[in-house]
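Please have the display open while I talk.

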Amino acid sequence: MEQPTALLIIDLFSLFDFPQGRQLAPYAVRAAQRTARLRAAFDAHRSPVIYANDNFGNWQRDFPQLVEACRQKGGASAQIVEYLAPSEEHYFILKPKHSAFLATPLPVLLAKLGTRRLVLAGMALDACVLATAIDANSREYATVVAREAVAALPDRRQPALQTLQRSGAVEVLSNRQIIASLSSTSSCQRTGLAPPR
């Protein structure tokens, strides 16, 4: 069965060993908590959940090893694993650059899943989430950024949200709005009706 909406979780598994990583870490933990609620809703509706994570510059490490490295790191890295450790039904890709579309198999995976709408969560809102949102729009995916489930440093958060909203490329919605639209879409799929606009 086609799954028109997928949740894309971007870069929340991190060692926070980059410039300003320690400052960003508590905001990432908060975003992970809220992303976990979204993920639970997607799982309940049997809609795809895809992790798109930076490979930490290590081309010899796979995704499970990356998650385990975060668990072993402790602190914020391990807290995020507790909230968001993937299950067997989830998908993952490793990405070398900002956008989850750049030099990754994400477009092929989305095509196989029949996905036409993406909900983005993760970090950093002003970098990797923003780049992925713009790329998703250019590929004609209906794109939503989950307002509470994205992390950024405080002085960068609002400018990034405003950039997204003013671009017209994406919608910025609350978790509650996203979950409601997911429920509406699932109901319409069962009945064969078009979702309300």
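Predicted model: local features only at pLDDT ≥ 70, side-chain atom pairs only at ≥ 80, totals over all residues.

**A buried arginine, then the sheet and the salt bridges**

Let me begin with R39, which is buried (under 20% relative accessible area, where exposed means over 50% and partly exposed in between, with a 1.4 Å probe and protein chains only) and yet has no salt bridge, the nearest side chain of opposite charge being that of D43, 4.1 Å away. By salt bridge I mean a side-chain nitrogen of Lys or Arg within 4 Å of a carboxyl oxygen of Asp or Glu, and for charge, Lys and Arg count as positive and Asp and Glu as negative, while His and the chain ends are not counted.

Residues are numbered from 1 along each chain as its sequence is written, and side-chain values use heavy atoms, with hydrogens and water left out.

Leaving aside residues up to four places away in sequence, R39 touches L7, I9, V49, Y51, Y83, L84, A85, P86 and H90, contact meaning heavy atoms within 4.5 Å.

Turning to the sheet, six strands form an open arrangement with parallel pairing, in the order β3-β2-β1-β4-β5-β6, where two strands pair if DSSP finds at least two bridges between them. The edges are held by β3 (91–95) and β6 (171–173), each with a single partner strand, so one side of each is left without a neighbour in the sheet. From one strand to the next the twist averages 25°. Strand β5 (residues 142–151) pairs with β6 in the parallel sense over three bridges, and V145 stands opposite V172 in β6. Helix α4 (residues 106–113) packs on the sheet, touching β1 (5–10), β2 (49–54), β3 and β4 (117–123), and its direction makes about 180° with that of β2; the axes are lines fitted to C-alpha atoms, for helices over the stretch in contact, and angles run from 0 to 180 degrees between N-to-C directions.

Now to the salt bridges, of which the count comes to five. E68 and R71 form one of them, with their closest N and O atoms 3.2 Å apart, and because these residues are three apart in helix α2 (residues 63–73), about one helical turn separates them. E68 counts as partly exposed at 33% relative accessibility, as does R71 at 36%. R71 also meets E82 in a salt bridge, at 3.6 Å from N to O; since R71 lies in helix α2 and E82 in helix α3 (residues 75–84), the pair ties together parts that are 11 residues apart in sequence. E82 counts as exposed, at 61% relative accessibility, and E68, R71 and E82 are thus linked in a network of salt bridges.

Elsewhere, R156 and D126 form a salt bridge whose closest N and O atoms are 3.7 Å apart. R156 lies in helix α6 (residues 154–167) and D126 in helix α5 (residues 125–138), so this pair ties together parts that are 30 residues apart in sequence. R156 is partly exposed at 34% relative accessibility, and D126 is partly exposed at 26%.

Finally, some words on the backbone. Most residues other than glycine have a negative phi, and most peptide bonds are trans. Which residues does a cis peptide bond join here? They are M123 and A124, with omega about -15°, and A124 is found in the loop between β4 and α5. The loop between β1 and α1 holds D11, which has a positive phi of about 60° although it is not a glycine, and D11 counts as buried at 8% relative accessibility. Q20 lies in the loop between β1 and α1 and has a positive phi near 70°, but Q20 is partly exposed, with a relative accessible area of 36%.

How values were computed. Helix = DSSP H or I, 4+ residues; strand = E, 2+ residues; numbered from the N terminus.
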